[in-house]
Structures are given as structure tokens and as C-alpha cells.
Amino acid sequence: MIRLNLSPEQIVGRMRLEGTEVMSHETIYRWIWKDKAAGGGLWFYLRGARKQRRKRYGRYDSRGRLAGKKMIGSRPASVETRKRIGHWEIDTVHGKSTACVLTVVERRTGLVRLGALRRATKELTTRRTLSLLGKEAHRVRTITADNGCEFHDYEKIEAGLKIDFYFATPHHAWERGSNENTNGLVRQYLPKGTDLAGLTQPQCNRLAEILNNRPRKRLGYRTPNEVYYSRPVVALQS
């Protein structure tokens, strides 16, 4: 389960949900660090193993200037409660080339859809968004994005999906917390600096399924697929 990129806390929570006795997540961490000291590589599967942090300072943001767009302050307060399936957040994850990955995550369940983009243009982004969300099992109700120019055709997305499209406050990443967390999960498989030019849509679909079958603490260690599709809990397969 560690090699499936599950954290020790996720492993313990999931195994207990499945009715299996298991040691504490602290014990698993100690075991991983002991394995690392002996030259083992289990630590490499932890989410933060290769993560590099750098300070970000406030700066003027000239992106996303678009008249008439709806800001998050006008979004219905009920969206914040995460009680209803159908409210999504959207973003792009970039590599070292112009190619990138569109990430769309459902707020209630954490279910993610990933789309391959040759370039982050508004035309390609709109087309991929409509193809990803056009046949969802649940009605798509709202989408919230950052202020990137790739979302400037949002009115076509609104018309195509019959939804309301909102924009977060610039530099307020916490307003799209689901998306920020999901992007971090995606980076486990597509680290910064990766050339995404050769990434195909089938590969994006497979990666999305890996993430959608990953137990989440806030879901009681059920997976996004289990909650979104109301599936019964089954033992995870390695």
C-alpha cells in the first residue's frame, strides 16, 4: 500500500474501515525511516519525499483581467459546505514545455478528471473541459477557477454545461483548496520539470483513476469513486 503512494495514515484508516487490525501510522513511519536508514526506498513513495519548497512573495498579478466575470464572493454560500455533489474546481498543472494537464476536481468527493492539453489556450481548455465533464453521473452545478487566461472562454463552458462559472480572488489559493490538494497529488506522478508533451488522454484517465481509488481521510477513508458512485467498500488491490 505504501508503493501505491498511500500515506501511513491513509493505510491505517483504510484497513480499519475494511475491518482489518493494523498498527498505528506512527509505527509505519518508524518502519519506513528504519528501512531508509538501511538503504531501502520505501520513503520515496511518501508524498513529500521529493517536494522542494520555496518562498513566494506578493507580487502584482496582471493575469486574468476580464470584464464581467463572476467572482467567488457571488457564489452561493451552500457551495462552501460541500454537502452536495456537483460543485467543481479547475486548474492547470504545467511542465517544462507548453503542454500541461487540466485538473478538475469535485469538491464534495474529491473525484478528479484530468485532461491533456498541448497548450493552455482558452480554446483548447474549453474544449477539454466540456469533454471531461459533459457526461458526468451527477449534474455539474458550478465550476470555480483561478484567474488564468486559459479560462477566458468560460461563457462557452457555462453554456455547454448549463452551469455558473466563478473565479477565485487572486493569490487566495485556499479558496480552491480541493484543487490545490489535487494538484499536489498529481505532482507525485508528474513532478515539476516533467515534459508533458508526450502525455496522452488515456494516460491522464489512468492517472485520474489511481487518484479516484485512493482513500481519503475526510471521506472516512473511503475513496472518491466509492462516494461519488455510491459504491460499497471493498479491499484495495495492490
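Start by selecting strand β3, residues 100–106: Cys100, Leu102, Val104 and Glu106 point one way, Val101, Thr103 and Val105 point the other way, and all of them are buried. Buried here means under 20% relative accessible area, with exposed being over 50% and partly exposed in between (1.4 Å probe, protein chains only). Strands (E, at least two residues) and helices (H or I, at least four) are DSSP runs, numbered from the N terminus.

Before moving on, a word about what is on your screen. This is a predicted model, where local features need pLDDT of at least 70, side-chain atom pairs count only at pLDDT 80 or more, and totals for chains, interfaces and linings use all residues. Residues are numbered from 1 along each chain as its sequence is written, and side-chain values use heavy atoms, with hydrogens and water left out.

**Stop 1: the partners of β3**

β2 and β3 run antiparallel, joined by seven bridges, and a hairpin of five residues connects them. Two strands count as paired if DSSP finds at least two bridges between them. Click on Asp91 and look across to Thr103, its bridge partner in β3.

On to β4: six bridges join β3 to this strand, again antiparallel. Val101 stands opposite Ala116 of β4. In the hairpin between β3 and β4, with five residues between the strands, find Gly110, which takes a positive phi near 80 degrees.

**Stop 2: helix α5**

Now select residues 177–189, helix α5, where Ser178, Asn179, Thr182, Asn183, Leu185, Val186 and Gln188 are buried.

**Stop 3: the nonpolar cores**

Next, show side chains for Trp88, Ile90, Leu133, Ile143 and Phe165, which have the most contacts inside the largest nonpolar core, a set of 22 residues. β2, β3, α3 (122–133), β5 (142–145), α4 (154–161) and β6 (164–167) each give two or more residues to this core. Another core lies apart from it, with 13 residues, among them Val112, Ala116, Leu196 and Leu211. Such a core is a set of buried Ala, Val, Leu, Ile, Met, Phe, Trp, Tyr and Cys residues joined through side-chain atoms within 4.5 Å.

Zoom in on Ile143: not counting residues up to four places away in sequence, its contacts (heavy atoms within 4.5 Å) include Trp88, Ile90, Leu133 and Phe165.

**Stop 4: Thr142**

Step to Thr142, also in strand β5. Is Thr142 buried or exposed? Thr142 counts as buried because its relative accessibility is 5%. Gly86 is 56 residues away in sequence, yet the two C-alpha atoms are 6.9 Å apart. Beyond four places in sequence, Thr142 is in contact with residues including Val79, Gly86 and His87.

**Stop 5: Tyr29**

Now pick Tyr29 in helix α2 (residues 25–37). Tyr29 counts as partly exposed because its relative accessibility is 30%. Leaving aside neighbours within four places in sequence, Tyr29 is in contact with Pro8 and Leu46.

**Stop 6: a pocket**

Finish with Ser7, Gln10, Arg47, Asn181 and Leu185, the residues nearest the centre of the second largest pocket, which is lined by 24 residues. α5 gives the most to this lining, with four residues.

Note on methods. 1 Å grid on protein atoms, 1.4 Å probe; cavity = no way out; pocket = protein on both sides within 12 Å on 5 of 7 lines; lining within 4 Å.
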